[in-house]
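Let's take a walk through this protein, one piece at a time. Have a look at the model below before reading on.

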Amino acid sequence: MSLKTYFLQVKEVVQETADSVTIYFWHPLSEQIKYKAGQFITIIVPAGEGGKKVRRSYSMSTSPHSDTAIGVTVKRVEGGLVSNYLNDNVKVGDFLEVLEPLGNFFVEPDADKTRHLVLFAAGSGITPMMSIAKSVLKMEPNSRVTLIYGNRSEETIIFKSKLEELGAQYGSRLAVHHLLSRPSSVWVGKCGRINQGAAIRIMKEADTDFTKDNFYLCGPVGMMEDVIAGLGIYNVSKDRIHRENFHAPMVEDEPQEADDSLQTQTVKVKYNGDEYEFEVQPHQTILEAALDLDIDLPYSCQAGMCTACMGTCTEGKVKLDEEDGLTEKELKRGLILTCVAHPISKGVVIEID
Ligand SMILES: Cc1cc2nc3c(=O)[nH]c(=O)nc-3n(C[C@H](O)[C@H](O)[C@H](O)COP(=O)(O)OP(=O)(O)OC[C@H]3O[C@@H](n4cnc5c(N)ncnc54)[C@H](O)[C@@H]3O)c2cc1C
Ligand code: FES
């Protein structure tokens with residue numbers, strides 16, 4: 001996948017909470033950047049050691065159907081390179097290097113549909129949900145949205161007043177359920193975390209039809225697993241559960257067992273009309289080996305979540321550390337993600353479109 005790069009000028013920076021900002025960009029003069037509600041862009045900034053460029057993905061919090069600018073909302077992660085760089089440094093007029101929108105976590109509104117979308121978000125996981133909610137509410141007059149949104153305290157709720165405005169605009173078509181794990185004494189809303197019990201209670205309160213509604217999840221892995229377990233009780237089919245991972249699951253502290261199927265192999269990668277042949281060591285992924293040799297392959301999250309590094313394995317066999325980023329159909333077609341792929345046979349050939 002050959003990714004298009006843009007240099008986007010910052011139109012506005014809005015402080016949403018003490019530790020998050022929304023950065024709005026102008027579209028380039030020459031084109032209107034197309035994206036789907038729920039997708040993300042990759043921002044590349046010199047936030048690494050000695051000004052080294054680093055890239056991170058950020059979901060659009062704006063809607064392609066109701067907002068003129070493209071916007072991302074970035075929440076600080078303690079000790080995080082890029083989230084703090086963006087919160088501390090970006091100002092109106094700056095240009096940021098950005099890769100084109102990507103991602104399989106999206107909703108395409110259809111005015112003829114009548115449906116109920118149930119969105120679960122925690123913390124910064126609100127960003128794609130904001131885009132999806134705004135898009136569906138605007139474009140599907142017969143559909144409704146329930147948002148279940150977890151945060152620590154009142155002050156950390158991103159888009160609190162924007163959600164109230166949307167509620168006033170769309171009435172009963174939008175129901176927002178805030179859950180706070182450490183609320184102040186004056187909080188009159190729901191308390192606690194989004195766990196299995198809370199998720200089921202609120203979904204019932206929201207007249208959820210488990211036989212046909214669609215569920216969208218973005219937040220910590222534990223929260224998403226709890227909600228999925230709750231949906232499992234009602235036999236919700238996998239194709240109606242959509243999740244976006246912002247953060248790769250924590251690697252256990254226990255030493256990893258050596259994987260005997262991995263040996264140093266030579267792989268061939270065809271990309272952009274060029275062919276690269278190089279060795280991949282057992283401890284490396286195909287992408288890591290390529291980047292170590294300064295071979296400029298496409299990538300973004302480097303964690304098997306965004307599909308920016310997708311290619312097809314046309315010869316030989318590879319093993320993926322993480323398969324969640326691809327659908328079963330894509331895996332059957334031989335699609336792989338180079339950032340989590342290891343060659344496990346001789347003669348592996350990968351083609352990247
Ligand atoms: C598809 C996608 C969309 C995303 N959209 C958004 C978005 O809209 N808004 C947003 O704020 N972020 C979003 N993220 C997360 C974002 O890409 C970065 O991972 C995040 O900003 C942290 O980057 P950093 O460079 O500051 O931290 P790093 O320097 O990469 O990490 C510092 C430390 O924090 C840990 N860490 C990294 N990310 C997280 C996290 N999310 N939660 C807890 N600990 C973490 C790391 O393991 C490490 O220990 C998205 C990620 C993906 C894959
Ligand atoms: S770089 Fe994101 S899935 Fe590989």
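Start with one pair of residues: the side chains of K162 and E16 meet in a salt bridge, with 3.3 Å from N to O. Here a salt bridge means a side-chain nitrogen of Lys or Arg within 4 Å of a carboxyl oxygen of Asp or Glu. By this rule the count comes to 12 salt bridges. K162 sits in helix α3 (residues 160–170) and E16 in strand β1, so the pair ties together parts that are 146 residues apart in sequence. Helices (H or I, at least four residues) and strands (E, at least two) are DSSP runs, numbered from the N terminus.

A word on what you are looking at: this is a predicted model, where local features need pLDDT of at least 70 and side-chain atom pairs count only at pLDDT 80 or more, while totals for chains, interfaces and linings use all residues. Residues are numbered from 1 along each chain as its sequence is written, chains are lettered from A and ligands numbered from 1 in the order in which they are written, and side-chain values use heavy atoms, with hydrogens and water left out.

Now step back. The protein is divided into domain 1 (5–102), domain 2 (116–244) and domain 3 (265–352), with bounds that come from an automatic or database domain assignment. Taken over C-alpha atoms, the centres of domain 1 and domain 2 are 24 Å apart. How many residues of each are in contact? On the domain 1 side there are 19, and they are in contact with 18 residues of domain 2, where contact means heavy atoms within 4.5 Å. About 1400 Å² is buried between these two domains, and carbon and sulfur atoms give 55% of that. Buried area is the accessible area (1.4 Å probe) that two parts lose on being put together, summed over both. S61, H65 and K75 supply 32% of the area that domain 1 buries against domain 2, more than any other three residues.

Across this interface of domain 1 and domain 2 the rule finds two salt bridges. There are also six residue pairs in polar contact, both residues at pLDDT 80 or more. A polar contact is a pair of N or O atoms within 3.5 Å; within protein, one must be able to donate a hydrogen and the other to accept it, and residues adjacent in sequence count only if both atoms are side-chain atoms. On the domain 1 side, the elements giving two or more residues are β1 (5–17), β2 (20–25) and β5 (70–75). Of these, β2 gives the most, with three residues.

Next, find N214, in strand β11 (residues 214–218). N214 and H116 are 98 residues apart along the chain, yet their C-alpha atoms are separated by 7.0 Å. A polar contact of 2.8 Å also joins the side chains of N214 and H242.
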